[in-house]
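Please look over the sequence and the structure shown here before reading on. The report is written to be read beside them.

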Amino acid sequence: MPHIIGLVFTWIFRISLGYYVLWLYIGIHCAIFGIEEGWAAPALKNSKCRRKYGREGFTNGIAIGFILTACGGWVVPLYQAVYLIIRLILRLL
């Protein structure tokens with residue numbers, strides 16, 4: 001039974017790595033289709049509404065992923081950190 005529980009937690013960890021694929025998707029999407037210059041503070045954006053593409057769009061997309069993590073998705077990295085620490089301890093024993 002403990003082996004099955006370990007497998008379940010291992011698969012949850014592997015599936016949770018897809019969270020960072022979401023970050024990459026947002027970054028690539030913003031690099032290709034662009035992102036408005038004032039996405040962080042819409043009230044302060046210029047009326048010309050320029051868009052950022054390429055490297056600037058990608059880094060802004062990654063920033064959006066980081067903000068999503070800070071605002072509510074922090075459980076995923078926390079689970080991954082705890083899982084890795086426990087696996088390290090069990091491997092050393």
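## Overall make-up

This is a predicted model, and its protein chain contains 4 helices and 2 strands.

Of the 93 residues in the protein chain, 22% count as buried. The chain exposes about 7100 Å², of which carbon and sulfur atoms supply 74%. When contacts between residues at least 6 apart in sequence are considered, 64% of them join residues at least 24 apart.

Helix α1 covers residues 2–16 and helix α2 covers residues 18–33, and their axes come within 5 Å and cross at roughly 5°. Because angles under 35 degrees count as roughly parallel, α1 and α2 are described as roughly parallel to each other. The residues that meet are Arg14, Ile15 and Ser16 on the α1 side and Gly18, Tyr19 and Tyr20 on the α2 side. Sorted by class, this contact of α1 with α2 has 3 nonpolar, 2 polar and 1 charged residues.

Thr10 is also found in helix α1. With a relative accessible area of 13%, Thr10 is buried, because the cut-off for that class is under 20%. Apart from its neighbours within four places in sequence, Thr10 is in contact with Tyr83 and Arg87, and the helix given as α4 spans residues 75–92.

## Helix α3 and its buried residues

Helix α3 runs over residues 54–73, and within this helix Gly57, Asn60, Gly61, Gly65, Thr69 and Gly73 are buried. What do the buried residues of α3 pack against? They pack against α2, against both β1 (35–36) and β2, and against α4.

Glu56 also has its place in helix α3, but at 43% relative accessibility Glu56 counts as partly exposed. The C-alpha atoms of Glu56 and Ala31 lie 7.2 Å apart in space, although these two residues are 25 residues apart in sequence.

## Cys30 and Lys52

Cys30 has its place in helix α2, and at 7% relative accessibility Cys30 counts as buried. Leaving out neighbours within four places in sequence, the residues in contact with Cys30 are Ile35, Lys52, Tyr53, Gly57 and Gly61. Gly57 and Gly61 are themselves among the buried residues of helix α3.

Lys52, one of these partners of Cys30, is found in strand β2, which covers residues 51–52. Is Lys52 buried, partly exposed or exposed? At 22% relative accessibility, Lys52 counts as partly exposed, since the buried class is limited to values under 20%. The C-alpha atoms of Cys30 and Lys52 are separated by 8.0 Å, and the two residues are 22 residues apart along the chain. Between Lys52 and Glu37, 15 residues apart along the chain, the C-alpha separation is 6.2 Å. Once neighbours within four places in sequence are set aside, Lys52 is in contact with Cys30, Gly34, Ile35, Glu37, Gly57 and Asn60.

## Cysteines and disulfides

How many disulfides does a search of the whole structure find? The search finds 0 disulfides. Cys30 is buried, with 7% relative accessibility, whereas Cys71 is exposed, with a relative accessible area of 66%. Cys71 falls in the exposed class because that class takes values over 50%.

Note on methods. Residues numbered from 1 in each chain as written. Predicted model: local features only at pLDDT ≥ 70, side-chain atom pairs only at ≥ 80, totals over all residues. Heavy atoms only, no water. Axes fitted to C-alpha atoms, helices over the stretch in contact; angles between N-to-C directions. Parallel < 35°, antiparallel > 145°, perpendicular 65-115°, else oblique. Contact = heavy atoms within 4.5 Å. Nonpolar A, V, L, I, M, F, W, Y, C, P; charged D, E, K, R; others polar. Buried < 20%, exposed > 50% of the residue type's maximum accessible area, 1.4 Å probe, protein only. Disulfide = S-S within 2.5 Å. Areas by Shrake-Rupley, 256 points an atom, 1.4 Å probe, with all protein chains shown as cover.
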